[in-house]
Protein chains: 2
Amino acid sequence: MPHASSESPRPLRRDAARNRQRILEAADELFRRRGLSASLNDIAHYAGVGVGTVYRHFPDKDQLVEGLFEQRFEELVRRMEEAVADPDAWHGLTSFIRFSTELQASDHAIKDLLTGGHVGLERISRIRARLMPMGEELVRRAHADGQLRQDIEAADLPVIQAMMGPLIDASAELDPDLHRRYLDIMIRGIAARPEQEPPLSTPPLALDRVDEIMVNVSSARRR
Amino acid sequence: MPHASSESPRPLRRDAARNRQRILEAADELFRRRGLSASLNDIAHYAGVGVGTVYRHFPDKDQLVEGLFEQRFEELVRRMEEAVADPDAWHGLTSFIRFSTELQASDHAIKDLLTGGHVGLERISRIRARLMPMGEELVRRAHADGQLRQDIEAADLPVIQAMMGPLIDASAELDPDLHRRYLDIMIRGIAARPEQEPPLSTPPLALDRVDEIMVNVSSARRR
DNA sequence: AGCAAAACGGATACTGTCAATCCGCTTTTG
DNA sequence: CAAAAGCGGATTGACAGTATCCGTTTTGCT
């Protein structure tokens, strides 16, 4: 066993390389469609490969997941940056919220990662840490422009996202666009209005405790 | 075994009667607090009784559940009738929505029954059938008074309820009142506003398909 | 071609969670 | 006090997923 940890110790055998690729593609597809609850058996079968092969390439499920999602989150961060740069603060805020929900709807694995009990994964909390200050900035600017109700805070954004997850799941097969309707309603609900309105019943969660909610909103359940 | 199905075939032994009562109380308490996913083992233990005793009194879990919930739903129906009778249509509508959410929050078993995969239970669909026309009436009157946005329909009410379920679960231990904040936001979102606003992205589900969503919003797995 | 190492496949073991049963022991009651 | 009624909880069974093991196949090298 020469230099176990050095760079590219030896090229993968042809069949191994092919299978590894197939597994990654199958995992990508099934995770997107069915969320993280897609089992490794399903993935192996979908890839036309035995379970053993999956485990040979990826010691465990988390390892497979981690590798697969780096760039998907990059997209989220990029869109968030775009939203922060939007000259119209309200448009920036709402299009970020909408994008984030669409992302969850089109990729159920992302939804599970954003909300489920996987928050512990190093990668996810790093993403959250980058997103949070941008959310605060979006909220600050929309407040300043008088378009966002003053009693809505940055901590409300992730909770609103979290609420969409279960609805996305529930309506996915029946009416895949339905979640938009209720997100629209929520967005109307946070928009400033000229008249005085009764205050909200209860304050938002402290920003640093929002994660604890997200963890609990898991909707991990499948056929 | 004389007259198995006739009235009071024979009095329960004293200890049996006491245990039966304890089981009912424990089930009531635990179902309320933890939802239908409370296991019969938990209930037995909480009642200070063996599992066997639970099964002797109640052939299976559904039987225990069914008996326990008749009157809880009666309360829901009664409140709904009150809301329909409210001279202020908007106040009637919102207080019904709020009550229904509070009921879910204070009794997680009701939440599970309203949304989970238990819709099949005869009793639940009967309740739904009674509630639906009342919801339509509330919406019709709030529309007529110009307080409810015209593009909100009766089919939206159960979906809004369904959305609250997962949030209630997620925040139950952390901040048991949090769900109110987001229900307030949704209520603001369905309130009529003087200005023209962009239409909602997508129409509501047909009223007779709403159940199919409710079934999927379960946070508790089915029997 | 021939052979050893690498990789494969999928049956199988293991894990965890619950519902539900069984039977030797305890309590009640007449 | 003895038989009937009831009890407790270990145990079984079902199920769904993760992970391992090992006999067989493929590959790469000479």
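Student: Leaving aside its neighbours within four places in sequence, which residues is A:M186 in contact with?
Tutor: This is a predicted model. Setting aside the residues within four places in sequence, A:M186 has contacts in its own chain and in chain B. The contacts are A:I160, B:I185, B:M186 and B:G189.

Student: How far apart are the C-alpha atoms of A:M186 and A:I160?
Tutor: A:M186 lies in helix α9 of chain A. Along the chain, A:M186 and A:I160 are 26 residues apart. Their C-alpha atoms are separated by 7.9 Å.

Student: Is A:M186 buried or exposed?
Tutor: A residue is buried if 20 or more other C-beta atoms lie within 10 Å of its own. A:M186 has 21 C-beta neighbours inside 10 Å, so A:M186 counts as buried.

Student: How many residues does the contact take from chain A, and how many from chain B?
Tutor: Both chains supply residues to the contact. Chain A gives 35 residues and chain B gives 34 residues.

Student: Which helix gives the largest share of the side of chain A that touches chain B?
Tutor: In chain A, α8 (156-171), α9 (178-190) and α10 (210-216) each supply at least two residues of the side that touches chain B. By class, this side has 17 nonpolar, 6 polar and 12 charged residues. The largest share is 10 residues, and the helix that gives it is α9(A).

Student: Which element supplies the largest share of the surface near DNA strand D?
Tutor: There are 23 residues around DNA strand D, and the closest are A:R14, A:S39, A:G52, B:G50 and B:G52. From chain A, α1 (14-34), α2 (40-47) and α3 (51-57) each supply at least two residues of this surface, as do α1 (14-34) and α3 (51-57) from chain B. The largest share, 4 residues, comes from α3(B).

Student: Which element supplies the largest share of the surface near DNA strand C?
Tutor: DNA strand C has 23 residues around it, with A:N19, A:G50, A:G52, B:S39 and B:G52 nearest. Here α1 and α3 of chain A, together with α1, α2 (40-47) and α3 of chain B, each supply at least two residues. The largest share is 4 residues, from α3(A).

Definitions and conventions: Residues are numbered from 1 along each chain as its sequence is written. Chains are lettered from A and ligands numbered from 1 in the order in which they are written. This is a predicted model: local features need pLDDT of at least 70, side-chain atom pairs count only at pLDDT 80 or more; totals for chains, interfaces and linings use all residues. A residue is near a molecule or strand if its C-beta atom, placed from the backbone, lies within 6 Å of it. Two residues are in contact if their C-beta atoms, placed from the backbone, lie within 7 Å. Ala, Val, Leu, Ile, Met, Phe, Trp, Tyr, Cys and Pro count as nonpolar, Asp, Glu, Lys and Arg as charged, and the others, Gly among them, as polar. A residue is buried if 20 or more other C-beta atoms lie within 10 Å of its own, exposed if 12 or fewer, and partly exposed in between; C-beta atoms are placed from the backbone.
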